[in-house]
Amino acid sequence: MNTNILIIGAGIAGLCAAKEATAKGDKVVVIEQKEDVSTNGVEYITKTNLRQLNIKSNPDWILNTTDGFTLNSPDNNRIVLDDSTIAMPEKSYIVDLDKFNKDLKKMALDSNAEIYFNTKATGISRNGSSVVVTVDNTDIGEITTDILIIAEGLDSNMTKEVNLDYDLSDKNTRSIVQYKVKSVNVGADNNINMYFGSVAPGGYAWILPVDENNAYIGLSTLNSNDSDSEELLDNFLSEKLDDYTIIDKESRILPINGISRERVDDNIMITGDAAGFINPLTNMKLEDVIASGIYAGVVAGELIFTGEDLDKVYMQKFTMYTDMLINEDTERYNETRKFLLSLSDDDFNIIASQLENAEMYESDIDNIIRYMIENCSKPGLQLKKLYA
């Protein structure tokens with residue numbers, strides 16, 4: 001098989017890349033080792049982010065529309081950031097990632113991308129100015145492509161084949177565990193609740209409301225802390241809820257050090273989870289994974305359309321776009337994460353007491369951090385410069 005653009009992985013990043021790459025009429029092929037698209041988990045994404053990414057909301061994958069956020073300090077001080085306290089609160093969708101991914105599959109197919117399931121990439125080689133990918137689908141055998149986009153996710157074997165794999169050692173990862181929980185009034189305030197401090201060493205806990213009696217409750221911890229995330233979440237549930245039923249559980253490992261610096265080579269781009277496109281502060285990946293896939297598709301389509309050489313120099317357009325449009329925020333959030341790791345429960349309590357009387361017009365994450373920096377003596381000069 002021959003194609004202009006080959007994408008390994010039919011996850012969120014891969015399908016966003018496919019949809020964009022077809023815009024100029026190029027032949028785009030997606031291969032996926034599973035029998036269909038499948039992405040576990042539930043996340044939130046703000047309405048603003050979704051609009052900026054030009055993704056039309058679909059009630060099929062929206063579990064709930066929240067009213068805002070509530071920040072909870074270790075001493076149970078609650079900072080409510082919704083219509084009752086803020087002129088422009090951040091309102092978010094609670095998103096079923098599997099249904100979201102299925103919607104992206106439809107968009108990619110409608111854009112004339114070809115998707116082959118039960119097709120696993122087994123090797124990568126070069127043939128002149130092209131890349132050749134061998135697959136375990138005997139009907140295909142191998143695929144020759146002008147541009148290869150690897151979007152397999154964190155467990156990608158193909159990133160190792162091209163020496164662009166992400167460091168997933170304990171010091172560079174965190175564990176995420178999330179339960180679907182049924183309990184009386186667990187989502188009654190319809191805000192996304194965040195809990196900080198020793199409840200989650202090196203991370204935080206959250207409640208994503210679905211309705212008054214159902215929510216997704218999760219927690220993240222640094223793997224280098226040797227903490228049992230599931231045990232911590234069980235303790236958190238016992239403390240916060242009187243009576244509850246766990247309906248489902250899911251866990252995953254995420255990188256924490258931001259986007260990989262090496263994400264391109266001749267004819268090749270690495271995008272999505274495989275290149276660390278995950279917010280290091282919130283641990284939520286949806287926004288960055290969508291954006292990275294879109295830019296990979298845009299760059300691939302531009303390069304094929306203009307007939308430019310496809311060596312590493314020109315592929316760096318992907319690095320340039322993602323540095324300007326994603327990595328600037330990632331670097332800020334990574335420094336903020338490191339700062340928050342240095343805080344004790346007492347520090348969080350003091351910051352919460354200061355935020356309680358804050359007069360913020362908008363409650364987006366940057367405004368909250370800026371207010372915290374202005375009213376806390378602990379942030380260093382580097383962090384202040386990043387949010388100036």
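Helices α6 and α7 run roughly antiparallel to each other in this predicted model. Their packing angle is about 155°, and angles over 145 count as roughly antiparallel.

**Helix pair α6 and α7**
- Helix α6 spans residues 286–306 and helix α7 spans residues 312–341.
- Their axes lie 9 Å apart.
- The crossing of α6 past α7 is right-handed.
- On the α6 side, the contact is made by D288, A291, S292, Y295, A296, V298, V299, E302 and L303.
- On the α7 side, the partners are Y314, M315, K317, F318, Y321, T322, L325, I326 and T330.
- By class, the residues of this contact comprise 12 nonpolar, three polar and three charged.

**Helix α8**
- Helix α8 covers residues 345–355.
- Its buried residues are D347, F348, N349, I351, A352 and L355.
- These buried residues pack against two helices, α7 and α9 (365–374).
- They also pack against strands β5 (68–72), β6 (78–81) and β13 (191–196).

**Loop residue S73**
- S73 sits in the loop that links β5 and β6.
- S73 has 7% relative accessibility. Buried means under 20%, so S73 counts as buried.
- Its side chain makes a polar contact with the side chain of D75, at 2.4 Å.
- Leaving aside residues up to four places away in sequence, S73 touches F196, F348, N349 and A352.
- Among these partners of S73, F348, N349 and A352 are buried residues of α8.

Note on methods: Residues numbered from 1 in each chain as written. Predicted model: local features only at pLDDT ≥ 70, side-chain atom pairs only at ≥ 80, totals over all residues. Heavy atoms only, no water. Axes fitted to C-alpha atoms, helices over the stretch in contact; angles between N-to-C directions. Helix = DSSP H or I, 4+ residues; strand = E, 2+ residues; numbered from the N terminus. Parallel < 35°, antiparallel > 145°, perpendicular 65-115°, else oblique. Left-handed = near helix turned anticlockwise from the far one by under 90°. Contact = heavy atoms within 4.5 Å. Nonpolar A, V, L, I, M, F, W, Y, C, P; charged D, E, K, R; others polar. Buried < 20%, exposed > 50% of the residue type's maximum accessible area, 1.4 Å probe, protein only. Polar contact = N/O pair within 3.5 Å; in protein donor to acceptor, adjacent residues only side chain to side chain.
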